[in-house]
Amino acid sequence: MPSSEAAVANQAHDPALLHHFTTAQQQKDAASFGMWVFLVTEVMFFGGMFCAYLIYRYWYFGDFGAASRTLDIRLGTINTAVLICSSFTVAMAVRSAQTGKRNAIVVLLLLTIVLGLVFLGIKGVEYKAKFDEHHIPGQADFHLAGSVPLHPDIPVNQAHAQMYFSLYFAMTGMHALHMIIGVGLFSFLTYEAWKGRYSPSYYTPIENGGLYWHFVDIIWIYLFPLFYLIERHR
Amino acid sequence: MSEHISSVKLYVGIWLALLLCTGLTVFASFQDLGPFNAIVALAIATFKASLVVLFFMHVKYASEKMTKLTIVTAIFFFLILITLSLADYLTRLWT
């Protein structure tokens, strides 16, 4: 059979297969590779901020420790658990797509959206507390009371503490922005799944949406110890 | 990627392991381990990230090597960024 006929035959068979791909597997591999390359650019994007964090953590060691103690470790831990639960529901949603359970996809994606919103809500409560405590960098009345850990005679350097909170808001804010985009993405995917767009032979958007969400989860897995846990032991 | 479908049991196991590690890292942060506090925290974080990448993101079962190569590339260039930057900043006070 000539290849042109084969392509037509394929298209007649599976409307999800685009004509410039030979097989559904090839199409899937291409989409997946594209998603992973996007995630590499995201690693570089967040990597620059992690690098900035490491440099300033080294330079302003004691002030970063003092500033870190003011974060709410209880809310931070709860948020980490919430995000891990949402990653679990996404993984289960992808599995439901693989096994062709439409209702399960919709329910699990809705659960993910709810957990994502819970995370953002808790983050909002934490940000509000920072405003109330005058821990916003650039604020005229910024003030971090106390002294450098292990050195009760050295007061916290206000400029250095502001650098900690600048990085805190930049990195958790950028992470939260990714969460908001993820919630939007999953709202769309839930609607499509509810319409029955996905089947075991075509669920690439759900899988790639899942990859995105897991990546955002991994960023938080590193943000949590770097911002919340660095100065709890003394 | 692959057609591999992981069992529900595996996903639940990974989920519980991630929650357990979160508790562990919070507990460890309150222990005075001297210079090892940061190392332990980052090691646990890296272990958690590995679980997510390998099982939730299906990399362990990826049919093609391209995915793994892409991840290794990301880690490699991130480490170049960190290593060369810190090679400068960490040695500025050396005489």
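Biologist: What is the hand of the crossing of helix 4 of chain A and helix 7 of chain A, and what makes it so?

Modeller: The crossing of these two helices is left-handed, a word used when the near helix is turned anticlockwise from the far one by less than a right angle (clockwise would be right-handed). This is a predicted model, where local features need pLDDT of at least 70, side-chain atom pairs count only at pLDDT 80 or more, and totals for chains, interfaces and linings use all residues. Residues are numbered from 1 along each chain as its sequence is written, chains are lettered from A and ligands numbered from 1 in the order in which they are written, and side-chain values use heavy atoms, leaving out hydrogens and water.

Biologist: How do you know which way helix 4 of chain A runs against helix 7 of chain A?

Modeller: Helix 4 (residues 73–98) and helix 7 (residues 204–228) of chain A pack at about 160°, with axes 10 Å apart. Roughly antiparallel is for angles over 145 degrees, so helix 4 of chain A is roughly antiparallel to helix 7 of chain A. Their contact has 13 nonpolar, 8 polar and 2 charged residues.

Biologist: What angle do helix 5 of chain A and helix 6 of chain A make?

Modeller: Their axes come within 9 Å and cross at roughly 155°. Therefore helix 5 of chain A is also roughly antiparallel to helix 6 of chain A. The crossing of helix 5 of chain A and helix 6 of chain A is left-handed, and the contact has 20 nonpolar, 7 polar and 4 charged residues.

Biologist: Why is the pair A:Lys123 and A:Glu126 called a salt bridge?

Modeller: The name needs a side-chain nitrogen of Lys or Arg within 4 Å of a carboxyl oxygen of Asp or Glu. In this pair the closest N and O atoms are 3.3 Å apart, so the pair meets the rule. The two residues are 3 apart in helix 5 of chain A, which means about one helical turn lies between them.

Biologist: How do you know the class of A:Glu231 and of A:Arg234?

Modeller: A:Glu231 has a relative accessible area of 1%, so A:Glu231 is buried. A:Arg234 has 38%, so A:Arg234 is partly exposed. These two form a salt bridge, with the closest N and O atoms 2.5 Å apart. Elsewhere, salt bridges with shared partners join A:Glu192, A:Lys195 and A:Arg197 into one network.

Terms used: Axes fitted to C-alpha atoms, helices over the stretch in contact; angles between N-to-C directions. Helix = DSSP H or I, 4+ residues; strand = E, 2+ residues; numbered from the N terminus. Parallel < 35°, antiparallel > 145°, perpendicular 65-115°, else oblique. Nonpolar A, V, L, I, M, F, W, Y, C, P; charged D, E, K, R; others polar. Buried < 20%, exposed > 50% of the residue type's maximum accessible area, 1.4 Å probe, protein only.
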